[in-house]
Number of protein chains: 4
Amino acid sequence: MGMIGGGLNAFIGAVHRVAAAMDGQIELVCGCFSSHPEISFSSGRSLFLPREKVYTSYQEMIRKESKLPPGERMDFVSIVTPNHVHYDPAMMALDHGFHVVVDKPFTLTVAEAVDIRAKVEQTGLVLALTHTYSGYPAVKHARRMVTDGHLGRIRKVYVEYPQGWLTQKVEDAGNIQAAWRTDPKRSGVAGCMGDIGTHAHHLAEYVTGLKTTEVCAELKTYVPGRLLDDDGAALLRFENGATGVLMASQVAAGEENALKIRVYGEKGGLEWAQQEPNSLVVKWLDKPMEIYRTGTGFMNAPAAANTRTPGGHPEGYLEAFANIYRNFAKTVMARIDGAEPRAEWLDFPGVEEGVRGMQFIHAVVRSGTQDGIKWMKLQE
Amino acid sequence: MGMIGGGLNAFIGAVHRVAAAMDGQIELVCGCFSSHPEISFSSGRSLFLPREKVYTSYQEMIRKESKLPPGERMDFVSIVTPNHVHYDPAMMALDHGFHVVVDKPFTLTVAEAVDIRAKVEQTGLVLALTHTYSGYPAVKHARRMVTDGHLGRIRKVYVEYPQGWLTQKVEDAGNIQAAWRTDPKRSGVAGCMGDIGTHAHHLAEYVTGLKTTEVCAELKTYVPGRLLDDDGAALLRFENGATGVLMASQVAAGEENALKIRVYGEKGGLEWAQQEPNSLVVKWLDKPMEIYRTGTGFMNAPAAANTRTPGGHPEGYLEAFANIYRNFAKTVMARIDGAEPRAEWLDFPGVEEGVRGMQFIHAVVRSGTQDGIKWMKLQE
Amino acid sequence: MGMIGGGLNAFIGAVHRVAAAMDGQIELVCGCFSSHPEISFSSGRSLFLPREKVYTSYQEMIRKESKLPPGERMDFVSIVTPNHVHYDPAMMALDHGFHVVVDKPFTLTVAEAVDIRAKVEQTGLVLALTHTYSGYPAVKHARRMVTDGHLGRIRKVYVEYPQGWLTQKVEDAGNIQAAWRTDPKRSGVAGCMGDIGTHAHHLAEYVTGLKTTEVCAELKTYVPGRLLDDDGAALLRFENGATGVLMASQVAAGEENALKIRVYGEKGGLEWAQQEPNSLVVKWLDKPMEIYRTGTGFMNAPAAANTRTPGGHPEGYLEAFANIYRNFAKTVMARIDGAEPRAEWLDFPGVEEGVRGMQFIHAVVRSGTQDGIKWMKLQE
Amino acid sequence: MGMIGGGLNAFIGAVHRVAAAMDGQIELVCGCFSSHPEISFSSGRSLFLPREKVYTSYQEMIRKESKLPPGERMDFVSIVTPNHVHYDPAMMALDHGFHVVVDKPFTLTVAEAVDIRAKVEQTGLVLALTHTYSGYPAVKHARRMVTDGHLGRIRKVYVEYPQGWLTQKVEDAGNIQAAWRTDPKRSGVAGCMGDIGTHAHHLAEYVTGLKTTEVCAELKTYVPGRLLDDDGAALLRFENGATGVLMASQVAAGEENALKIRVYGEKGGLEWAQQEPNSLVVKWLDKPMEIYRTGTGFMNAPAAANTRTPGGHPEGYLEAFANIYRNFAKTVMARIDGAEPRAEWLDFPGVEEGVRGMQFIHAVVRSGTQDGIKWMKLQE
C-alpha cells in the first residue's frame with residue numbers, strides 16, 4: 001500500500017494505517033504524506049519507511065512506483081486527502097494500473113464520480129470507498145436479515161447522525177479537520193451533508209438494499225459566518241415505496257458521533273447505534289424483542305466473516321474500518337492472482353456507492369436550500 | 001368528577017379514573033359511560049356508583065347535575081370519548097358551568113377548537129387537555145432547563161413517536177381502539193398524526209417553550225384499505241429560527257410507545273425517552289454528560305412538585321397522567337374557593353394547546369398529502 | 001382499610017394509601033396515623049376522614065372498630081409503623097378478627113414472626129407483607145419462567161441492592177427515616193440487612209421458587225457511630241444445590257434504589273433491575289437474548305394479571321405496590337364472601353415470607369459479625 | 001517480537017498478534033507456534049515469516065535468537081501458551097536476556113511466580129502480563145479518579161465476571177480452549193477463578209489502587225465430571241478497611257464476557273462494564289450522575305494517552321490489548337536505548353501483578369473448597 005495524504009497530524013490517515021495493518025496482510029511500502037516535503041519525510045521516518053519510498057508529490061509516487069517490478073512496487077494506493085484531492089490522484093492511479101482506496105465523500109461533483117466509475121469499469125481495477133460504518137459486523141447482520149426478507153417488505157427507515165463538534169466556529173480556532181470541511185473549495189457543495197450525511201445515506205441503502213429515489217430537505221447553517229451547511233434533515237423516498245427520514249447535524253451540542261439506523265418492515269424492525277456497535281436490536285410483531293450480539297454464534301455469515309473476537313470482546317471503529325481494507329485486499333489479491341474473488345470479499349463500498357453519494361449530496365443541496373420545488377430526484 | 005365515555009372495555013377511561021383517584025383528592029361521583037344503557041349501568045355499578053348517578057346520555061348528565069346543589073353535583077366533567085364526541089359535550093359542559101377535562105386530540109377541526117377557546121375565555125372556567133407526556137417530572141425538568149437558558153439558544157429539535165400496533169389491519173379484526181382511530185368520521189382528517197403526532201408536537205413545544213411556525217411533511221398510509229395516514233414525518237420550523245424533525249408512525253412494527261425528544265442548544269442538548277421516563281440525559285459542550293433522575297435531589301422545582309416517590313422508585317405513565325389531574329384539580333379547587341391558583345398548579349395543557357394541536361394536524365395534512373407547495377404555516 | 005402509622009410526613013404511609021386507592025376497590029375508612037393526637041387528627045382531616053374515625057391509639061381503633069357492624073367498620077388494618085410497632089398491633093388486629101397488611105421487615109425477632117404465623121393459621125385471617133418488588137409484572141413473569149423450567153435447573157443467583165442514602169450520618173441531621181432504621185430499638189438486630197437485605201432475599205426466593213438454606217456473610221458499619229450495619233454481603237446456598245450472592249449496601253454513594261436480580265439455570269439466565277422495571281432480559285444458551293416488556297402480548301399470565309397499561313406505557317413502584325394491595329383485597333373479599341380466592345389473587349407475600357425474612361436477618365447477623373463459623377443455617 | 005504458542009487455531013495467539021501489530025511499532029520476527037512442526041511451519045508461513053525464523057521448540061528459538069546480533073534477533077518474547085507452559089519459557093527467556101510478555105494467569109503456583117519475580121528483579125528486564133481489561137481507557141480514567149481521591153476514601157468494591165461458555169461440558173466436545181482450562185495439569189489449582197477470577201481481582205486492585213488482604217470464598221463445579229471449579233464467589237477485604245465482593249462464573253448461561261466493576265467511596269461511586277467499554281458511569285452524592293466517554297475531551301491523562309480515536313468512535317478489546325503491548329514496547333525501547341521510560345509507559349501489568357494473582361488463586365481455593373476457616377490471607 002502507498003498512501004496519499006495522512007501526514008502526522010491528520011486524523012484519518014492514522015486510522016487508515018491502523019486499519020490496513022490490523023490483520024497483517026497489508027504493508028505500507030511508500031507514501032506521499034504531505035505536499036510539504038519536511039512533513040512527508042518526517043511522517044515516513046516515523047512509519048519506518050526508507051527515505052527513497054517517501055515522495056513529495058503523488059504524481060511522482062504514482063509514476064515511479066508504476067515503473068518498479070511487481071514485487072517491489074505498491075499494489076494499491078490509499079487516498080486520504082480532503083475531498084478536492086480525490087479525483088485527480090484516483091484517476092492517475094487507475095491510469096497507471098493501481099487499485100485504489102479513497103476516503104469519502106467520493107469527489108466534488110457527480111460528474112467526477114461518474115468519470116471515475118467509467119475509468120474503473122474500463123480498467124477492471126478495484127476501488128474501495130471507506131464508508132466505515134458498513135464494516136461493522138452487526139450492520140452486515142442487519143443487511144442480510146433485511147435482504148433475506150426476515151422483516152418483510154420494508155416500509156420505514158430512520159437514519160440519524162448527530163455530532164456536536166462544529167457547534168462553535170472551531171474552524172477559526174485552529175481545528176484543521178473543521179477548516180477544510182467547512183471550506184467549499186475543499187469540501188464541495190455541502191458541509192455536514194457531505195461529511196456525515198453521505199455516511200447516513202449509504203448506511204440506509206446498505207442495510208435495506210434499497211435505493212433512495214427522491215429527497216425533500218432542509219439545510220441550515222447555524223454558526224454565523226460558516227459557508228456550508230452544518231445541519232440538515234431530509235425526507236426520503238425509496239424505490240419500493242418505503243419512506244424515510246435522514247437527520248444529520250454537526251451542531252448537536254454534546255453529541256459525539258451518534259450515527260443510528262432503524263428499519264421497519266411488515267414483520268418487525270431493527271435498530272443499530274454506532275456508539276454501541278456490537279448490539280443489534282430486533283423488534284418483532286409476533287415475538288419478544290431480540291438482541292443479536294457481535295461474535296456470538298447467533299450472527300449470520302456476513303457478520304461472522306467480518307468478526308475477529310468472540311462475543312463479549314467488543315469490536316470497535318478500527319475493526320470496522322479494517323474490514324473494508326481486508327475485504328478490499330482479499331479482492332485485490334485474488335485479482336493479482338488472476339482468480340475470482342469470493343462473493344463475501346466483495347462486501348465493501350465501491351465506485352457505485354461513490355456515485356450514489358454524490359447524487360445524494362447534490363439532490364439534498366438543491367432541495368434543502370430553497371422553499372419552492374422540494375422533492376428532488378437523485379438521478380435526474 | 002363526572003365522566004363521559006370510558007365504559008368498561010375502554011382503555012383510556014380506566015386510565016383517567018386511576019389518574020384522578022391516585023392522590024385521594026378527586027372522587028368519581030357520576031358518569032355517562034356509554035350510550036348503551038346496559039354498558040353505562042354495569043360500568044357504574046362496578047365503580048360503586050349509585051344507580052341514580054349513572055346516566056345514559058351526557059346531555060342528561062350535564063343538565064341534571066347542573067341543577068344539584070354545589071356539594072352534591074360533580075365539580076367538573078371528564079370527556080374520554082373518541083374525537084368526534086369532544087366538541088359538543090365540552091361546549092355544553094362549559095355552558096352549564098362545569099370545568100372540563102378532555103382527551104386529545106382536542107376536536108375535529110381548528111374551528112371547533114377556536115370555538116371552545118372562546119367559550120373558556122368567556123366563562124372563566126378551567127379546561128385541561130390530557131397530553132399525558134408533559135406530566136412526567138423529567139419532562140418538566142427539561143422544560144425548565146431550556147426556558148431558563150441552560151442549553152443556550154435552541155437550534156434543533158428531534159421528536160419521534162414510533163408505535164407498531166397498526167402494522168396490520170387490526171381495525172378489521174375487532175380492535176375497537178384501532179377502529180375509531182382509523183375512521184375519518186370519528187378521528188378527523190388525520191390518523192397517526194392526530195393520535196400521536198399531536199403528542200409529539202405538543203411535547204416539542206412544551207419542552208422548548210417555542211412555537212412551531214411551519215411544517216413540511218409527508219404522510220403515508222401503508223396498510224391497504226386504511227382511510228387515514230398511519231405514518232408520517234415533518235420538517236419543522238420554530239419561531240426563533242430553530243428547526244426540527246417530527247416522526248410519527250403506527251406501522252413501526254415491534255415498537256410499543258417509543259415517544260422520544262431531543263433538544264439541542266448552543267451549549268448542550270437533552271434527551272428524554274418515554275419508555276424509560278425517569279432519566280433525563282443532558283449532554284454538554286464543555287463538561288461530561290449528566291443524567292438527571294426523577295425523585296433525586298438534583299431535580300428542579302417543577303419536576304419535584306410533580307413527583308410522588310424518591311429517586312430509584314420509578315414513576316410511570318399513570319403518575320404522569322395523575323399529575324395533569326392533580327394540577328387541574330388544585331386549580332379548580334382554588335377557583336371554587338375564589339382564590340388565585342399557584343403558578344405551579346397551572347402547569348397542565350389547556351385550551352391553547354388544544355388549538356395549537358389542531359393547527360398542527362391541519363397544516364401537516366395539507367403539506368403531507370401533496371407534492372407541490374410543501375411549507376405550510378400553522379397559523380394561516 | 002384502617003391505617004396504623006403513616007402520619008403526614010411519613011414516606012411509606014402515603015405510598016400505602018396511593019397503592020390502596022389506585023384501583024378504586026379499597027377505601028380508607030379510619031386511621032391512627034400517629035401517637036401524637038394533633039398529627040393524627042390533622043392527617044385524618046387532610047385525608048377527608050370524619051373526626052370520629054381518626055384515633056389516637058391503635059388499641060382504641062382496633063377495639064372500637066371491632067364493635068361496629070360489618071358495613072361500617074374497617075375490613076382490614078394496614079400497619080405502616082417502624083419495625084418495633086409491628087408485632088403488637090398485628091397480634092391485636094388478628095385477635096379482633098381483622099385481616100392485616102404489614103410493612104417489612106415483619107417483626108423484631110424470629111420468635112415474634114413465628115407467633116404471628118401461628119395466630120394467622122389459627123384465625124384463618126389473611127396477612128400481607130409489603131415486599132413491594134415482587135409486585136412488578138416483569139418479576140412475576142420471571143418467577144413463572146423459572147418455575148415452569150424454561151431456564152432449566154437453577155445454578156446461580158445474584159441479587160444486589162445498593163443504595164447511597166446512608167453514606168453520611170443523616171440520622172443526626174433530622175432524617176426521620178434514617179433515625180429509626182439505624183436504631184436497634186426500633187429496627188431490630190440489623191440495619192441495612194433488615195431494611196433492604198430482606199427485600200433482596202425475598203426477591204431471590206420469589207423469583208427462583210427456591211429456599212435459601214445457609215448464608216456466609218460479612219456485615220459492616222461504615223459510618224462512625226452508627227449502631228447497626230449499613231452494608232453487607234452474603235454467599236448463599238439454596239435447597240437445590242444452587243449458590244448465590246446477596247449484596248446490600250446503604251453507603252453505596254450515588255446509588256438510588258438499585259435492586260437487581262440475575263438467575264442462571266442450565267439453559268439460560270434472566271436479569272431484572274428495579275429502576276427500569278418494565279424490561280426483563282433473558283439470555284439463552286442456544287438463541288439470541290430476548291427482552292420481555294411489561295404490557296406486551298408476550299408476557300405470561302401472572303404478569304398480565306398484574307398489569308394496568310399496555311406495552312410502552314411504563315408502570316412503576318406505585319403500581320407494583322398496588323398489586324400487593326389488589327391481590328390481598330381480592331383475597332379478603334373472597335373470604336368475606338365465603339368464597340375460595342382464585343390462585344392468582346394469592347400471589348402476594350404473607351406470613352411465611354415474614355418468617356423467612358426474620359430467619360434470614362438473624363442468620364446473616366450471626367454469620368456476618370464474626371470470623372469463626374461462617375456458614376449459618378436459616379432454620380436452626 | 002518472537003512468539004511462543006499461538007498456532008493457527010489458537011484464539012489468544014491471534015489476539016496478541018493483532019494487538020502487537022496495531023500501532024506499527026512491533027514486528028513479529030520469529031516464532032515457535034506449536035510443538036507440532038507442521039503446525040508451527042504452516043503458521044509461520046501464513047504470517048509471512050521466512051522458514052528459518054520458525055522454530056519447533058521454544059528452547060531452540062531462545063537459544064538461537066540469543067546468538068543473533070541485536071538488529072536481527074527478536075527483542076522480546078511473547079508467551080501465549082496454556083498456563084503450564086509459562087514458567088519454563090519465561091525463566092529461560094529472561095536468562096537469555098529477552099524481555100517477556102506472558103499471558104495470564106501468570107504461572108501454576110505462587111512459588112513459580114515468586115521465582116520469576118526474583119529473576120526479573122535480578123536481570124532488570126521488562127515483563128508484561130496481559131490482564132487486558134486494565135488496558136481500556138475508561139478503566140485508566142477510573143483508576144486515576146480513585147487514586148486522585150475524587151470518590152473519597154473507598155468503602156466498597158463489587159467486581160463480577162459472568163461467562164456462560166462452560167455451561168455444558170464442551171471440553172468433551174472438541175473445544176480446545178475449554179479442554180486445557182478445565183485440566184488441572186495445564187490450568188493449575190483453579191479453573192474459573194484462575195481463568196477469569198484473576199482478571200476480576202486484578203481489575204479491582206488496579207482501579208482502586210488497593211491490595212486485597214483476605215478472601216472468604218465458595219467455589220463450585222456445576223458441570224458433572226469437570227475437575228476444576230467453574231463458578232465461584234468471594235467476599236474481599238482490602239488493606240484500607242474497604243470490603244468487596246468478587247463473582248466469577250463460567251456457567252452463567254447466556255452471558256458472554258460480562259466483566260464489570262463498581263467502586264464506592266465516601267463521595268461517590270463509579271461503574272464500568274467491559275461489554276460497553278467506552279462509558280464510565282460516575283454517581284455522586286452531591287451532584288447528578290455523569291458519564292465519561294472514551295475519546296472525549298473530558299477524560300484524564302492516563303485515559304487520553306491510551307486512546308486512538310475521538311469520542312464516539314468506539315474502541316474495543318483489541319485496542320485495550322494493544323495498549324498493553326504499546327506501553328510495554330515503549331518501555332522496552334527506552335531500556336534498549338538506555339533511557340528511562342516515561343511514567344505513563346509503565347502503565348501495564350507486570351510481575352508484581354502476576355504474584356498477586358497467584359496469591360489470590362491459592363487463597364480463594366483454600367477458602368472456597370471447605371467450610372471451616374473461611375477468611376484466608378493472600379500473603380501467608
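Me: Is Y136(A) buried or exposed?
Reply: Happy to start here, bearing in mind that this is a predicted model. Y136(A) sits in the loop between strand 5 (127-129) and helix 6 (137-147) of chain A. The cut-off for a buried residue is under 20% relative accessible area. Because its relative accessibility is 1%, Y136(A) counts as buried.

Me: Which residue of chain D does Y136(A) touch?
Reply: Leaving out residues up to four places away in sequence, the neighbours of Y136(A) in its own chain include W272(A), P277(A), G316(A), Y317(A) and A320(A). The list of contacts also crosses to chain D, and the residue there is P314(D).

Me: What is the distance of the polar contact that joins the side chains of Y136(A) and Q274(A)?
Reply: Q274(A) is among the residues that Y136(A) touches. A polar contact needs a pair of N or O atoms within 3.5 Å. The side chains of Y136(A) and Q274(A) are joined by such a contact, at 2.8 Å.

Me: How many residue pairs are in polar contact between chain A and chain B?
Reply: Let's build up to that one. Here 46 residues of chain A are in contact with 46 residues of chain B, and the two chains bury about 3600 Å² between them, 53% of it on carbon and sulfur atoms. The salt bridges between chain A and chain B come to 10. For polar contacts, with both residues at pLDDT 80 or more, the count of residue pairs is 22.

Me: How do the residues of the side of chain A that touches chain B divide into nonpolar, polar and charged?
Reply: Several strands of chain A supply at least two residues each to this side, among them strand 6 (154-162), strand 9 (243-249) and strand 12 (279-284). By class, the residues on the side of chain A that touches chain B are 19 nonpolar, 11 polar and 16 charged.

Me: Which residue of chain B forms a salt bridge with E160(A)?
Reply: A salt bridge asks for a side-chain nitrogen of Lys or Arg within 4 Å of a carboxyl oxygen of Asp or Glu. For E160(A), the closest N and O atoms of the pair are 2.7 Å apart, and the partner is R262(B).

Me: Which residue in strand 14 of chain B stands opposite V215(B)?
Reply: Strand 7 (residues 212-220) of chain B is mostly covered, with seven of its nine residues buried. Strand 7 pairs in the antiparallel sense with strand 8 (residues 231-238) of chain B over eight bridges, and there V215(B) has L236(B) as its bridge partner. Two bridges also join strand 7 to strand 14 (residues 376-377) of chain B, again antiparallel. In strand 14, the residue opposite V215(B) is M376(B).

Me: Is F48(B) buried or exposed?
Reply: F48(B) has a positive phi of about 65 degrees although it is not a glycine. Its place is the loop between helix 2 (37-46) and helix 3 (58-67) of chain B. Exposed means over 50% relative accessible area. With 53%, F48(B) is therefore exposed.

Me: Where is omega for the peptide bond from K104(B) to P105(B)?
Reply: P105(B) lies in the loop between strand 4 (99-102) and helix 5 (110-123) of chain B. The peptide bond from K104(B) to P105(B) is cis, with omega near -10 degrees.

Key: Residues are numbered from 1 along each chain as its sequence is written. Chains are lettered from A and ligands numbered from 1 in the order in which they are written. This is a predicted model: local features need pLDDT of at least 70, side-chain atom pairs count only at pLDDT 80 or more; totals for chains, interfaces and linings use all residues. Side-chain values use heavy atoms; hydrogens and water are left out. Buried means under 20% relative accessible area, exposed over 50%, partly exposed in between (1.4 Å probe, protein chains only). Helices (H or I, at least four residues) and strands (E, at least two) are DSSP runs, numbered from the N terminus. Two strands pair if DSSP finds at least two bridges between them. Contact means heavy atoms within 4.5 Å. A polar contact is a pair of N or O atoms within 3.5 Å; within protein, one must be able to donate a hydrogen and the other to accept it, and residues adjacent in sequence count only if both atoms are side-chain atoms. Buried area is the accessible area (1.4 Å probe) that two parts lose on being put together, summed over both. Ala, Val, Leu, Ile, Met, Phe, Trp, Tyr, Cys and Pro count as nonpolar, Asp, Glu, Lys and Arg as charged, and the others, Gly among them, as polar.
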